[in-house]
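Try each task before reading its solution.

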Amino acid sequence: MSGIPLSLPPPAPRAAEFGRDALIVCESLVRIYQSGSVEVQALQGLDLAVNSGEMLAVVGASGSGKSTLLSILAGIDAPTAGRARVDRWDLLAMSRAERVEFRRRTVGFIRQQTASNLVPYLTARQMVGLPMTATRTPAKQRRNRTGELLDALGIHELADRRPEQLSGGQQMRVAIAVALANQPRVLLADEPTGELDTDTAAEVFAVLRDVNRRFGVTVVVVTHDPAVSGQVERTVAIRDGRTSSEVLRRTATDAAGDSHVIAEEYAVMDRAGRIQIPRDFREALALTRRVRLALEPDHVTIRPDTDRDG
Ligand SMILES: Nc1ncnc2c1ncn2[C@@H]1O[C@H](COP(=O)(O)OP(=O)(O)OP(=O)(O)O)[C@@H](O)[C@H]1O
């Protein structure tokens, strides 16, 4: 043996795992539905990371994959491929029993059809208690939690009413209380204000914001309503089953001491480096199949391909 020390090349630096510290992570998520001989790619490699305590709005045209995403995060539907994690749960590798546990304790889900969240013959108080019966929560704890939620959602006076004795907005408050019964880390709401008039929708949305702050529950809300998405700090737009852009909002104070919301739109780059250029940008510069890319010291330029014959 010679005395020359063996020197190995240093290991290549590894990129930090996408969304490692996030509560919700989707990476290259794919969901293909097979109906007869037709395949529908509802999600086509979607990337998304949501931090604990965040309130996020998801927007997008009809059919873009919003409900599919929410159903997967709720453990109702299973992805075809990719990676999806909520808290410590790997949504592609859960057993049946784990899925039941996950749905009972980790996520609360609110459907758009207000009434479908509720049981017609139970009172509000009984409905809020029901998920805790499933988790065998002791009776005293169940009563306390029910009282706390009815108070927090401003529906204590309505505790003994059944759904048919409640307005749409009141029903939605009960549905939110039911979804929060087992103290989930994540609250998922699919178009919760879709069936409500503008004022009631604003009230219900204020309730969602309140529970996000009060209980620290992470909220992901799918909406078509720009008035709703305009009130959260982050809105993610889905196009063709992928996240295409994000709007971040922050409050800034001007020299006169007035505060206003500044919204900035970002394009989202996927894990393979692809970004979607908005249609109006493409049309304005006649960007078609091929574009010229150039790396500048602090930015990248994209120019139309002027050499069309090549
Ligand atoms: N169970 C299913 N079987 C077959 N195709 C489906 C199924 N569920 C959804 N799809 C299809 O997947 C695509 C995405 O649907 P999804 O409901 O997720 O969209 P969405 O953005 O929520 O739309 P909307 O805003 O209209 O609710 C659509 O083309 C839809 O037709």
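Residues are numbered from 1 along each chain as its sequence is written. The model is predicted, and local features need pLDDT of at least 70, side-chain atom pairs count only at pLDDT 80 or more, while totals for chains, interfaces and linings use all residues.

**Exercise 1.** Describe how helix H5 and helix H6 are arranged, and which residues make their contact.

Solution. Start by locating the helices, which are DSSP runs (H or I, at least four residues) numbered from the N terminus, as strands are also DSSP runs (E, at least two residues). H5 covers residues 168–180 and H6 covers residues 198–215, and their axes come within 9 Å and cross at roughly 20°. Axes here are lines fitted to C-alpha atoms, for helices over the stretch in contact, and angles run from 0 to 180 degrees between N-to-C directions. Angles under 35 degrees count as roughly parallel, over 145 as roughly antiparallel, 65 to 115 as roughly perpendicular and the rest as oblique. H5 and H6 are therefore roughly parallel to each other. On the H5 side the contact (C-beta atoms, placed from the backbone, within 7 Å) is made by Gly168, Gly169, Met172, Arg173, Ile176 and Leu180, and on the H6 side by Thr200, Glu203, Val204, Val207, Leu208, Val211 and Phe215. Sorted by class, these are eight nonpolar, three polar and two charged residues, where Ala, Val, Leu, Ile, Met, Phe, Trp, Tyr, Cys and Pro count as nonpolar, Asp, Glu, Lys and Arg as charged, and the others, Gly among them, as polar.

**Exercise 2.** Decide how H3 and H4 are oriented to each other.

Solution. Helix H3 (residues 124–134) packs with helix H4 (residues 139–152) at an angle of about 125°, and their axes are 9 Å apart. H3 and H4 are therefore oblique to each other. In the contact, Ala124, Arg125, Val128, Gly129 and Met132 of H3 meet Arg142, Arg145, Thr146, Leu149 and Leu150 of H4. By class, this contact has five nonpolar, two polar and three charged residues.

**Exercise 3.** Which residues surround the ligand?

Solution. A residue is near a molecule if its C-beta atom, placed from the backbone, lies within 6 Å of it. The residues surrounding the ligand include Tyr33, Ser35, Gly60, Lys66 and Thr68. Two or more shell residues each come from strand E1 (24–35), strand E2 (38–50) and helix H1 (66–73), and H1 gives the largest share, three residues. By class, the shell divides into three nonpolar, eight polar and one charged.

How values were computed
Contact = placed C-beta atoms within 7 Å.
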